Amino acid sequence: MRNISFRNDILPLKNVLYRLALRITQSHEDAQDVVQDTLIKVWDKRDEWQNILSIEAYSLRICRNIALDKIRKASASDETLDGKEYVIAADNSSNPHDSMLGKERMEHIRRIVGSLPEKQRTCFQLRDIEGKSYKEIASILDVSEEQVKVNIFRARQTIKSKYQEIDNYGL
């Protein structure tokens with residue numbers, strides 16, 4: 001087994017952890033808290049690092065669990081998850097109308113992805129945004145690769161159909 005370093009192996013994961021936490025919690029502040037809690041929890045388990053096959057999968061699983069716990073606690077206390085803030089990628093279009101349409105389309109897609117069931121949303125995030133393999137996702141979520149594939153397929157189908165519905169009818 002190789003020697004795992006917090007600085008070289010775990011800290012570089014903070015952006016991946018943040019994007020996963022943000023996708024689950026849909027709140028920048030909550031996502032930052034989740035990442036901090038994840039890094040602390042991974043650090044606290046430093047004596048067990050040598051027994052872990054993939055520190056990245058381990059860290060992502062902890063992040064996912066903490067984010068889900070945060071959502072459960074928030075819904076149990078009747079807090080709302082409103083006030084979502086999305087960062088929209090800059091469109092290099094020289095036409096302001098096209099730029100605005102692009103931003104609106106991205107916002108529609110973000111809302112659709114945000115409305116997916118948690119497992120579909122997480123699988124979609126890890127596969128299509130983070131570029132993880134089916135095997136890595138299965139390990140992170142502690143499910144079979146077949147379940148991962150089904151969740152991703154269903155997420156993509158839902159995104160496609162809801163986006164076409166919005167695009168066709170302007171809903």
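**Figure 1. Helix H8 and its cover.** Helix H8 is built of 25 residues, and its first and last C-alpha atoms lie 36 Å apart, close to the 36 Å expected at 1.5 Å a residue. The structure shown here and in the other views is a predicted model. Buried in H8 are Val148, Asn151, Ile152, Ala155, Ile159, Tyr163 and Ile166. The cover over these buried residues of H8 includes H5, H6 and H7. An α-helix has 3.6 residues a turn, so residues three or four places apart point the same way.

**Figure 2. The whole chain.** The chain holds eight helices and zero strands. Read from the N terminus, the order of elements is α-α-α-α-α-α-α-α. Of the 171 residues in the chain, 36% are buried. Where contacts join residues at least 6 apart in sequence, 64% of them link residues at least 24 apart. The chain has an accessible surface of about 10,600 Å², and carbon and sulfur atoms account for 47% of this surface.

**Figure 3. Confidence along the chain.** The mean pLDDT of the chain is 82, and 86% of the residues score at least 70. Which elements have the lowest and the highest mean pLDDT? Helix H5 (residues 96-114) has the lowest, at 80, and H3 has the highest, at 93. Over residues 78-91 the pLDDT stays under 50. For residues 78-91 the model has 17 contacts beyond four places in sequence. Where pLDDT is low, the predicted coordinates should not be read in detail.

Figure 4. H3 has 17 residues, and the distance from its first C-alpha to its last is 24 Å, close to the 24 Å expected at 1.5 Å a residue. Its buried residues are His28, Ala31, Val34, Val35, Thr38, Leu39 and Val42. Viewed down the axis of H3, these buried residues fall within an arc of 135°, so they line one face of the helix. Glu29 and Asp44 are exposed, and they sit on the face of H3 turned away from the buried side.

Figure 5. H2 has 12 residues, which should span 16 Å at 1.5 Å a residue, and the end C-alpha atoms are 16 Å apart, in agreement. The buried residues in H2 are Val16, Leu17, Leu20, Ala21, Arg23, Ile24 and Thr25. Just after H2 comes glutamine 26, with a positive phi of about 60°. Glutamine 26 is not a glycine. Most residues other than glycine have a negative phi. The loop that holds glutamine 26 runs between helix H2 (14-25) and helix H3 (28-44). Is glutamine 26 buried or exposed? Glutamine 26 counts as buried, at 14% relative accessibility, because the limit for buried is under 20%.

**Figure 6. Aspartate 142 in the loop between H7 and H8.** Aspartate 142 lies between helix H7 (134-141) and helix H8 (145-169). Although aspartate 142 is not a glycine, its phi is positive, at about 60°. Aspartate 142 is exposed, with 61% relative accessible area, because exposed means over 50%.

**Figure 7. Leucine 11 and its contacts.** Leucine 11 is part of the loop between helix H1 (6-10) and H2. With a relative accessibility of 34%, leucine 11 is partly exposed. Neighbours within four places in sequence aside, leucine 11 is in contact with Phe6 and Leu39. Leucine 11 and leucine 39 are separated by 28 residues in sequence, and their C-alpha atoms are 7.9 Å apart in space. Leu39 is also one of the buried residues of H3.

**Figure 8. Threonine 122 and its surroundings.** Threonine 122 belongs to helix H6 (residues 118-129). Threonine 122 is buried, and its relative accessible area is 1%. Residues up to four places away in sequence aside, threonine 122 touches Leu20, Ile24, Arg64 and Leu141. Among these, Leu20 and Ile24 are buried residues of H2.

**Figure 9. Cysteine 63 and cysteine 123.** Cysteine 63 is buried, at a relative accessible area of 0%. Cysteine 123 is buried, and its relative accessible area is 0%. A disulfide is a covalent bond between the sulfur atoms of two cysteines. How many disulfides does the model have? The count is zero disulfides, by the rule that the sulfur atoms must lie within 2.5 Å.

Technical notes: Residues numbered from 1 in each chain as written. Predicted model: local features only at pLDDT ≥ 70, side-chain atom pairs only at ≥ 80, totals over all residues. Heavy atoms only, no water. Helix = DSSP H or I, 4+ residues; strand = E, 2+ residues; numbered from the N terminus. Buried < 20%, exposed > 50% of the residue type's maximum accessible area, 1.4 Å probe, protein only. Contact = heavy atoms within 4.5 Å. Areas by Shrake-Rupley, 256 points an atom, 1.4 Å probe, with all protein chains shown as cover. Expected span 1.5 Å × (residues − 1). Arc of directions from axis to C-beta. pLDDT = per-residue confidence, 0-100.
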